[in-house]
Amino acid sequence: MSSWLLSLDTSTEAVSVALLRAAECYERFELAPKRQAQLVLPMIDEVLAEAGVAKSKIGAIAVGRGPGAFTGVRLGMMTAEPRAITG
């Protein structure tokens, strides 16, 4: 069984998270100016729960790197650190 890809983007006024494997896709998106930091980790937990996937099954993490606000790009990069997601 192949690993899952976690994708996230916080570089704009929106925050998006997707969990993908082959033809399976679970996603969340919200237009949330200045609330990306509050939403991104709960959204990750939501897609993992919906898919029934443990954090240890994430094989790769992709993060949007702009264009966008520096703070949003930095938030995405910091969240993509495996320790941020797996605790």
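Leaving aside its neighbours within four places in sequence, which residues is Leu5 in contact with? Let me answer that first. They are Ala18, Leu19, Leu20, Ala60, Ile61 and Ala62. Contact here means heavy atoms within 4.5 Å.

A word on the model. It is predicted, so local features need pLDDT of at least 70, side-chain atom pairs count only at pLDDT 80 or more, and totals for chains, interfaces and linings use all residues. Residues are numbered from 1 along each chain as its sequence is written, and side-chain values use heavy atoms, with hydrogens and water left out.

Back to Leu5. It is found in strand β1, residues 4–9. Strands are DSSP runs of E, at least two residues; helices are runs of H or I, at least four; both are numbered from the N terminus. Buried means under 20% relative accessible area, exposed over 50%, and partly exposed lies in between, with a 1.4 Å probe and protein chains only. Leu5 and Lys57 are 52 residues apart along the chain, yet their C-alpha atoms are separated by 9.0 Å.

Now the sheet. Four strands form an open sheet, in the order β3-β2-β1-β4, with mixed pairing. β3 (24–31) and β4 (58–63) stand at the edges with a single partner strand each, so one side of each has no neighbour in the sheet. The twist averages 10° from one strand to the next. Strands pair if DSSP finds at least two bridges between them. β1 and β4 run parallel, joined by five bridges. Ser7 stands opposite Ala62 in β4.

Next, helix α1, residues 36–51. Its 16 residues reach 22 Å from first C-alpha to last, close to the 22 Å expected at 1.5 Å a residue. That expected span is 1.5 Å times one less than the number of residues. Its buried residues include Leu39, Val40 and Met43. α1 lies across β1, β2 (14–21), β3 and β4, at about 25° to β2. Axes are lines fitted to C-alpha atoms, for helices over the stretch in contact; angles run from 0 to 180 degrees between N-to-C directions. Just after α1, Gly52 takes a positive phi of about 70°.

Last, helix α2, residues 70–80. Gly72, Val73, Gly76, Thr79 and Ala80 are buried. Seen down the axis, these buried residues fall within an arc of 130°, so they line one face of α2. The arc uses directions from the helix axis to the C-beta atoms. The face turned away from that side carries the exposed residues Phe70, Thr71 and Met78. α2 lies across β1 and β4, running at about 170° to β4.
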